[in-house]
Amino acid sequence: MASILDSVDQRTQLVGENRLEILMFSLHGRQLFAINVFKVQEVVRLPKLTLIPQRHPHMCGVITLRGKTIPVIDLAQAIGMRPLVQNENSTVIVTEYNRSIQAFLIGSVERIVNLNWESIQPPPTTAGRQHYLTAITRVEEAIVEIIDVEKVLAEIVPMNTTISAEKLNNPLLAKARGREVLIIDDSTVALNQLTDALGQLGITVHKATDGLKGLQQLQRWADQGEVLTEKLLMVFTDAEMPEMDGYRLTTEIRNDPRLRDLYVVMHTSLSGSFNAAMVEKVGCDNFLSKFQPDRLADVIHERLLVDES
C-alpha cells in the first residue's frame, strides 16, 4: 500500500502549474474524502495500537512506526461522524502538518488523482461536517470532500498564537504598528491564527479565502490608484487553495507591474524543505511554516529591515 506514494518526488513538477494531487479515501459508506498527497508520508495497515490515559476523545491511541511514536486520530469521529470500527483491515494515513507527524484512521484508500485547482471549489455553507471541509471537487461525477485537517488538529491540540515578550520588545517591530497586510488562506483556523498574532503587533489585517479572490483584491486596489507597496507591508499566502494556489498567485503578482514589488510570504503547513525550493522557484520573498508566532515576528522584522536599508 505504501507504494501508492512511490512517485511523490515527481509531483513537485506540479508546483506553479496550479495543479495538485489528492489521495482519495472513504470513512463510512461510499462518500469519498481527500487530502493533499504532499501532506502524506505513507499509507499502512494499522499497527498495534497503544492506549494512553486521558487522551482526547478523537484519539485512538499511539502507534510505533519506523522508530517514531505517532498519535492516531479517528478522522471520522473528528469531523462529526460515528467512530470507525478497528479491525485487522484498518488503514491509517501517516501525514505531516505544521512540522508534526500524526496518523489518521480511515475506512479504505481509493486512489490518487491529479486535478487543476480551478476544479476545486469552496464547500457549501451548511451545517454538519461541511464545517470540517476546506473544499470540494468532482471526480468522475462523484463528489469528493477535501478535509480541513488544520481545523481537525487545532481542535485536538490548539495552536499557541502568543508572540513572546522578547520578540515584542524589539524596537524595530514598533514600526509595524498601523501597517496593513493581506492574508490569503482558505482555512479559517490559519486566518484566525495569523490575525491574532498580527494584532499583537498592531497590524491591520485584510483577508481573502482563496488565491483568485486575493489577486482580485490586489487588482482592485491597484485600479483605485493605490500604490500597493505603500499600502501593504506584505502579503501572506497559503500554498493550497481552491480556484488558484499560492504558487500561481505569486507568479501572477510578479507578472503584474503594479503588484510585482510586493513582499510575499508563503505561509503553509507543507514541509519546509519542500517549500524552500518551491518558494524560490515562484519568487516569494520569505517562507513561514504554520504556526510559529515568534517566527512570524522574525519575518515582520526581516521585512522592516528591507525598508530600513
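This is a predicted model: local features need pLDDT of at least 70, side-chain atom pairs count only at pLDDT 80 or more; totals for chains, interfaces and linings use all residues.

Reader: What share of the residues in the chain is buried?

Author: Let me start with contacts: among those between residues at least 6 apart in sequence, 65% join residues at least 24 apart. As for burial, the chain has 309 residues, and the buried part makes up 53%.

Reader: Which residues form the aromatic pair, and is the pair stacked or edge-to-face?

Author: One aromatic pair turns up in a search of the whole structure. Its partners are Phe 25 and Phe 33, with 6.4 Å centre to centre and 25 degrees between the planes. Planes under 30 degrees apart count as stacked, so the pair of Phe 25 and Phe 33 is stacked.

Reader: Is Phe 25 buried or exposed?

Author: Phe 33, its partner in the pair, has 0% relative accessibility and counts as buried. Phe 25 also has a relative accessible area of 0%. Buried means under 20%, so Phe 25 is buried.

Reader: Which ring does the charged end of Lys 151 sit over?

Author: Lys 151 lies in helix α2, as does Glu 155, four residues apart and about one turn of the helix. The side chains of Lys 151 and Glu 155 meet in a salt bridge, 3.1 Å from N to O. The charged end of Lys 151 is also 5.5 Å from the centre of a ring that it sits over, that of Tyr 132.

Reader: And is Glu 155 buried or partly exposed?

Author: Lys 151, at 11% relative accessibility, counts as buried. Glu 155 has 34%, and buried means under 20% while exposed means over 50%. That value falls in between, so Glu 155 is partly exposed.

Reader: How many residues apart in sequence are the parts that Arg 179 and Asp 307 tie together?

Author: Arg 179 forms a salt bridge with Asp 307, with the closest N and O atoms 3.7 Å apart. Arg 179 lies in the loop between α3 (165–168) and β11, and Asp 307 in helix α9, so the parts tied together are separated in sequence by 128 residues.

Reader: Which residue forms a salt bridge with Arg 254?

Author: A search of the whole structure finds 17 salt bridges. In this one the closest N and O atoms are 2.7 Å apart, and the partner of Arg 254 is Asp 285. The pair links distant parts of the chain, 31 residues apart: from helix α7, where Arg 254 lies, to the loop between α8 and β15 (286–289), which holds Asp 285.

Reader: Which residues is Thr 250 in contact with, leaving aside its neighbours within four places in sequence?

Author: Thr 250 lies in helix α7 (residues 246–255). It is buried, with a relative accessible area of 0%. Its contacts beyond those neighbours are Thr 237, Val 264, Met 266, Val 282, Gly 283 and Cys 284.

Reader: One last question: what separates the C-alpha atoms of Tyr 263 and Leu 232?

Author: Tyr 263 is in the loop between α7 and β14, and it is buried, with a relative accessible area of 10%. Its contacts beyond four places in sequence include Leu 233, Asp 285 and Val 306. Tyr 263 and Leu 232 are 31 residues apart along the chain, and their C-alpha atoms are separated by 8.5 Å.

Notes: Residues are numbered from 1 along each chain as its sequence is written. Side-chain values use heavy atoms; hydrogens and water are left out. Rings of Phe, Tyr and Trp (its six-membered ring) pair if their centres lie within 6.5 Å; planes under 30 degrees apart count as stacked, over 60 as edge-to-face and the rest as tilted. Buried means under 20% relative accessible area, exposed over 50%, partly exposed in between (1.4 Å probe, protein chains only). A charge sits over a ring if NZ of Lys or CZ of Arg is within 6 Å of the ring centre and within 35 degrees of the ring normal. Helices (H or I, at least four residues) and strands (E, at least two) are DSSP runs, numbered from the N terminus. Contact means heavy atoms within 4.5 Å. A salt bridge is a side-chain nitrogen of Lys or Arg within 4 Å of a carboxyl oxygen of Asp or Glu.
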